[in-house]
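Let's take a friendly walk through a protein made of helices and loops. Have the sequence and the 3D view ready, and turn the model as you read.

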Amino acid sequence: FALEMKGFEFDAVWAERRAGDRAEEIAPLIATHDLEALRYLGELGAESPAREDLRRHAYVWARAAGDRSMTLWLTPDAMHWYREALRLGDELDAPTAERAEVARALVRSSFGASREVAEYACRRAIELAQLAGDDLGAGWAHAWQMLALLGEGREADAPEHGERALALLEPLGETRELAEALRLIGQFQWRVGEGVEAEASSRRAAAIADRVGAADIQAAAVQDLAVELTQTGRTREA
């Protein structure tokens, strides 16, 4: 057993050292070896002085694997790795702010891939941001939770999260997070038939995003606005 475990550890370390500065490119391979080693330890009920170090190594590389997968637009893979990283981070009691970042990454990777995971990720992102005293992160996560609940058919429960997002973010001034929250609120309002409100939210999101230099959010908000204007017959402006 000791030799088998040593083999797993050797494979991961060898791959990491072999890759050098490009190790992040094979992060999924390194993380897979670490997780397999941990799985064997769990199944056999074996304790090892190095088990905590192995878990910490797996946590680091699972997160790196998620980042690598997102870079390649492999969102289902990224979702898998961020879930593993968050689980390992909880087991390690990693810094709360650090786990909140992982939860935020899980939110982004899970939307469009799994409604169930997206709702879970939003809840964890809110919880961890609150524990870390991060109103910016909590407000951002509340806005995403609004859409996650809508996707699960829980429309009645969703608006309070949009309200909470603005309550947390607006006192902090114009930020990227506020622009994104307004853009998501606009999407929600449009989907539930609140066209006038949706247009106002999208316009405000685009304006704030422009002022804070968040070009990606501005583009998304302007695209949402174009759809909203088209549906109200204002095709020239759209």
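## The nonpolar core

The largest nonpolar core has 61 residues, and Leu-38, Tyr-59, Leu-88, Leu-106 and Val-107 touch the most other members. A nonpolar core here is a set of buried Ala, Val, Leu, Ile, Met, Phe, Trp, Tyr and Cys residues joined through side-chain atoms within 4.5 Å. The helix that gives the most to this core is α7 (residues 135-151), with nine residues. Buried means under 20% relative accessible area, exposed means over 50%, and partly exposed lies in between (1.4 Å probe, protein chains only).

Which residues does Leu-88 contact, leaving aside its neighbours within four places in sequence? They are Leu-35, Leu-38, Arg-55, Ala-58, Tyr-59 and Ala-62. Contact means heavy atoms within 4.5 Å.

## About the model

This is a predicted model, in which local features need pLDDT of at least 70 and side-chain atom pairs count only at pLDDT 80 or more, while totals for chains, interfaces and linings use all residues. Residues are numbered from 1 along each chain as its sequence is written, and side-chain values use heavy atoms, with hydrogens and water left out.

## The overall plan

The protein has 11 helices and zero strands. Helices (H or I, at least four residues) and strands (E, at least two) are DSSP runs, numbered from the N terminus. Of the protein's 238 residues, 45% count as buried. Take the contacts between residues at least 6 apart in sequence: 57% of them join residues at least 24 apart.

The expected span of a helix is 1.5 Å times one less than its number of residues. Among the buried residues of α3 are Arg-51, Leu-54, Arg-55, Ala-58, Tyr-59 and Ala-62. As you trace this helix, remember that an α-helix has 3.6 residues a turn, so residues three or four places apart point the same way.

Helix α5 has 15 residues and reaches 21 Å from its first C-alpha to its last, close to the 21 Å expected. Its buried residues include Arg-99, Ala-103, Leu-106, Val-107 and Ser-110. What do the buried residues of α5 pack against? Their partners are α3, α4, α6 and α7.

Buried residues of α6 include Val-117, Glu-119, Cys-122, Arg-124, Ile-126 and Leu-128. The cover over the buried residues of α6 includes α4, α5, α7 and α8 (159-169).

The largest pocket has a volume of about 180 Å³. The elements that give two or more residues to its lining are α6 (115-131), α7 and α9 (176-191). In total 14 residues line this pocket, and Phe-111, Gly-112, Arg-115, Leu-147 and Gly-151 lie nearest its centre. On a 1 Å grid over the protein atoms alone, a pocket is an open set of points where a 1.4 Å probe fits, with protein on both sides within 12 Å along at least five of seven lines, and lining residues have an atom within 4 Å of a point. Grid points are joined across faces, edges and corners, and the volume is the space filled by probe spheres set on them. The lining divides into seven nonpolar, four polar and three charged residues.

Most residues other than glycine have a negative phi. Trp-73 has a positive phi of about 60° although it is not a glycine. Trp-73 lies in the loop between α3 (51-71) and α4 (75-92). Is Trp-73 buried or exposed? With 74% relative accessibility, Trp-73 counts as exposed.

Asp-93 also is not a glycine, yet has a positive phi of about 55°. You can find Asp-93 in the loop between α4 and α5 (96-110), and Asp-93 counts as exposed at 58% relative accessibility.

## Helix α10

Ser-201 is found in helix α10 (residues 195-212) and is buried, with a relative accessible area of 9%. Not counting residues up to four places away in sequence, Ser-201 touches Leu-182, Ile-185, Gly-186 and Gln-189.

Gly-195 is in helix α10 too, but is partly exposed at 33%. The C-alpha atoms of Gly-195 and Leu-229 are 8.9 Å apart, although 34 residues separate the two along the chain.

How values were computed. Ala, Val, Leu, Ile, Met, Phe, Trp, Tyr, Cys and Pro count as nonpolar, Asp, Glu, Lys and Arg as charged, and the others, Gly among them, as polar.
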